[in-house]
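Hello,

Here is the structure I said I would pass on to you. Have a look at it first, and then read on for what turned up in it.

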Amino acid sequence: MRHRLRTTRLSLSFATVLATALAGGLLTGPPPSVAAVDVAGHPEAKAPQLRVRTVAQALQHPWDVQQATGGRLVVAERDRARLSVVRKGKRRTLAGLSKLVWVSGETGLMSLAVDPGARTLWACHGSRKGGRHVQVSRWRVDTTWTRLSGHRTVLTGLPSTSGRHGGCRLLLDRDSDALLVGTGDAAVGTNPRNLDSLGGKVLRVHRDTGAPMADNPYADASSARRFVWTYGHRNVQGLAQRDDGSVWSVEHGSDRDDEVNRLVAGGDYGWNPVPGYDESVPMTDQSLPGEQQAAAWSSGEPTIATSGAAWVRGPRWGALEGTLAVAALKGSEVLFLRFDASGGLTSVTRPSRLQRFGRLRSITSARDGDLLLTTDNGVRDRVVRVSPR
């Protein structure tokens, strides 16, 4: 309840400021979206001029893009269940996975993780094997990035129903052999807080074997909770690791409060839509037993459908260096969020140059500091590369 009251107070404050500004002629044109409520009190950092280039096109719902070796990019298309390699503007199919991947609604071929040095690729995808669910698979890639081999199931049994809230974001931990897996709650109200369900969680497993990491909060359990790192999530869409080693998640809200969260081992993030699947409850319900982790940023009302995220690196980015770049589907934009060392939000920047491409799904930091974005409009989708001038 406290969460909802806080949002209401912010909304009233913003409405008062807006009305005053309009009356005084300080604002022209249509009023800003109510989603700006949450960021109304934070300054906007000056963005550098941006160069945006299309590096792949004629795609359909590209869910993720990751960098490989030799200038190659690996792209996953959700509904086509197709893996592609893009190099010098040319796309070729690495693998068609339609026999392996179950596609329904929001679920299909989703997030990728790539270890170029080991020529290893992971994918999170819907699966038909043993009933419809979501799983993580791993392959080896040959030296020319033309063929996959050695398919292995790393993690299986992530819940799914119709395909709604399938998640599923992957992240290779820079500081260990862990693979982090952000999952959706499958629109089942009991999943997020049920520690023996893999839905509505961030999971942490060994990237090669799929075994739970030894320092997971419940690593000694004999049940599925041994994989759990954090819980109480609705639909995790983004994972990104800051230079200080901390891991941050991005997730979809219901009709309000998309969230960015700084993850702590064993943390409860407060989504508990029961009985049934009651989406009127707060995204972070502070009335639940125990301690719930408050969001580092939330959208307020309405949602903008935040999705992938990447930390911005390199002095070329100027005032945006060190921010978290977050892609938005419904909002059709990129937010650059600056957090201080303790996780407090200090600025929000929304460059107009990145508001021209429709729905944006994934955002990845290339090794030279450029950002790679995928559009998700369903037709004529593409991958674009964003560079500061």
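A disulfide here is a pair of cysteine sulfur atoms within 2.5 Å. By that rule the structure, which is a predicted model, holds one disulfide. The bond joins cysteine 124 to cysteine 168, with 2.0 Å from S to S. Distant parts of the chain are linked by this pair: cysteine 124 lies in strand S7 (residues 120-127), while cysteine 168 sits in the loop between strand S9 (148-158) and S10, 44 residues apart. Both cysteine 124 and cysteine 168 are buried. The torsion about their S-S bond is about 80°, so the disulfide is right-handed.

Next, please look at strand S11, which covers residues 178-182. Five of its five residues are buried.

Strand S10 (residues 169-172) pairs with S11 in the antiparallel sense over four bridges, and the two form a hairpin with five residues between them. Within this pairing, leucine 172 stands opposite leucine 179 of S11. Strand S12 (residues 201-206) is antiparallel to S11 as well, with five bridges between S11 and S12. Here leucine 179 stands opposite valine 205 in S12.

Further along there is an open sheet of four strands, in the order S18-S19-S20-S21, with antiparallel pairing. Its edge strands are S18 (306-311) and S21 (345-349), each of which pairs on one side only. From one strand to the next, the twist averages 25°. Inside this sheet, strand S19 (residues 324-328) and strand S20 (residues 333-339) run antiparallel and are joined by five bridges. Alanine 325 has phenylalanine 336 in S20 as its bridge partner.

One more residue that I would like you to see is arginine 72, in the loop between strand S2 (62-67) and strand S3 (73-77). Arginine 72 is buried, yet has no salt bridge. Which side chain of opposite charge is nearest to arginine 72, and how far away is it? That is aspartate 142, 7.8 Å away. Leaving aside residues up to four places away in sequence, arginine 72 touches Gln66, Gln67, Val85, Val86, Arg87, Arg92, Thr144 and Trp145.

Enjoy exploring the model!

Best wishes

Methods
Residues numbered from 1 in each chain as written. Predicted model: local features only at pLDDT ≥ 70, side-chain atom pairs only at ≥ 80, totals over all residues. Heavy atoms only, no water. Buried < 20%, exposed > 50% of the residue type's maximum accessible area, 1.4 Å probe, protein only. Pairing = 2+ DSSP bridges. Lys, Arg positive; Asp, Glu negative; His and termini not counted. Salt bridge = Lys/Arg side-chain N within 4 Å of Asp/Glu carboxyl O. Contact = heavy atoms within 4.5 Å. Axes fitted to C-alpha atoms, helices over the stretch in contact; angles between N-to-C directions.
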